[in-house]
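This note sets out numbered points for a colleague meeting the structure for the first time. Please read them alongside the display below.

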Amino acid sequence: MESHGNNLSKEVIAIVPARYASVRLPAKLLLPLAGKPIVVHTLEKAASAKLVTKVIAATDDDRIAEAASAAGFEVMMTSSAHESGSDRVAEVAERFSSDSIIVNVQGDEPLITGEAIDSAIEALIGDEEADIASTFESFLTAADVLSPDVVKVVVDDRGHASYFSRSPIPFLREKSKEYGSLERALEAETGLLGLFKKHQGLYVYRRDYLLRFSKMPKAVLETTEVLEQLRALAAGAKIKMVHVTGKSIGVDTAGDYEKVKSILEH
């Protein structure tokens, strides 16, 4: 399925990496939401981006391939040996021109918006220093700030990511001392939530950088936090971050699934 309206000179390919196996929520990408599998919702959101010229589901599983194909999307079968979604996306990206823009929309992000995707594409193209662009949103609850399943990002004055973590960053030292804990501080002063940035599961790469990135050895911080974007930061990459207003929930747990199901079905 192709999207239209792109007035850029570059080809922009949205690739949704989709594997069947999932430790915390087995077969999650095929779980139904409002009559469609999660992965199909994600593919449709990618196709809704105005700057995207092509959408591809990248998988090594026949069941996911069948679901994506039945919904009208192009599917490319990839190696089953990939350890990360970016590696799977890179395998597909090799087939496109060197000046292409590659959008990695993680398959478990059914609430990501086309507007967020377009914002990240524009940010990468508009920042010659950037190798990657990604998005973040505001936090609404202290529970999300404290959850290791929700990734936080710190952004420098030029709009580039300084660090990503599963821990609450930046740490509010004085407020935590005042209230006895960070949790109590956030509950007492909800305005403090504005100091934290919630990372979304979306990456936009210059195609040649993505291919180099996929061949880099894992970084110590990447394996420590289990966040592959830290490999890029450790290697000196510039990751342009864009604040978006849409609210996205990555479906990693049964609780996430119920939240998203409630949003889409009610």
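1. The side chains of Arg-207 and Asp-208 form a salt bridge at 2.9 Å, N to O; the term denotes a side-chain nitrogen of Lys or Arg within 4 Å of a carboxyl oxygen of Asp or Glu. Arg-207 is buried at a relative accessible area of 11%, whereas Asp-208 is partly exposed at 31%. Here buried means under 20% relative accessible area, exposed over 50%, and partly exposed in between, with a 1.4 Å probe and protein chains only.

2. The model is predicted, so local features need pLDDT of at least 70 and side-chain atom pairs count only at pLDDT 80 or more, while totals for chains, interfaces and linings use all residues. Residues are numbered from 1 along each chain as its sequence is written, and side-chain values use heavy atoms, with hydrogens and water left out.

3. The structure holds 16 salt bridges. One of them joins Lys-240 and Asp-127 at 3.7 Å, N to O. Lys-240 belongs to strand β11 (residues 239–243) and Asp-127 to the loop between α4 and β7 (132–138), so that distant parts of the chain, 113 residues apart, are linked. Helices (H or I, at least four residues) and strands (E, at least two) are DSSP runs, numbered from the N terminus. Both Lys-240 and Asp-127 are buried.

4. A further salt bridge connects the side chains of Glu-137 and Lys-198 at 3.6 Å, N to O. Because Glu-137 lies in strand β7 and Lys-198 in strand β10 (residues 197–206), the pair ties together parts that are 61 residues apart in sequence. Glu-137 and Lys-198 are both buried, and Lys-198 is also the bridge partner of Glu-137 in β10.

5. Strand β10 is largely enclosed by the rest of the structure, because eight of its 10 residues are buried. It pairs with β7 in the antiparallel sense over six bridges, and with strand β6 (residues 101–105), again antiparallel, over five bridges. Two strands are taken to pair if DSSP finds at least two bridges between them.

6. Which residues have the most contacts inside the largest nonpolar core? They are Val-103 and Ile-117, in a core of 42 residues. Such a core is a set of buried Ala, Val, Leu, Ile, Met, Phe, Trp, Tyr and Cys residues joined through side-chain atoms within 4.5 Å. Elements supplying at least two residues each include α1, β6, α4 and β10. Leaving aside neighbours within four places in sequence, the contacts of Val-103 include Ile-15, Ile-117, Ile-121 and Leu-202; contact means heavy atoms within 4.5 Å. Apart from this core lies another, of 30 residues, among them Phe-136 and Leu-227.

7. Asp-118 lies in helix α4 (residues 114–126). Asp-118 is buried yet has no salt bridge, the nearest side chain of opposite charge being that of Lys-50, 6.3 Å away. The side chain of Asp-118 instead reaches the backbone nitrogen of Lys-50 at 2.9 Å and that of Leu-51 at 2.9 Å. Beyond its neighbours within four places in sequence, Asp-118 is in contact with Ala-49, Lys-50, Leu-51 and Val-52.

8. Helix α1 (residues 38–47) is mostly covered, with eight of its 10 residues buried. Among them are Ile-38, His-41, Thr-42 and Ala-47.

Methods:
Lys, Arg positive; Asp, Glu negative; His and termini not counted. Polar contact = N/O pair within 3.5 Å; in protein donor to acceptor, adjacent residues only side chain to side chain.
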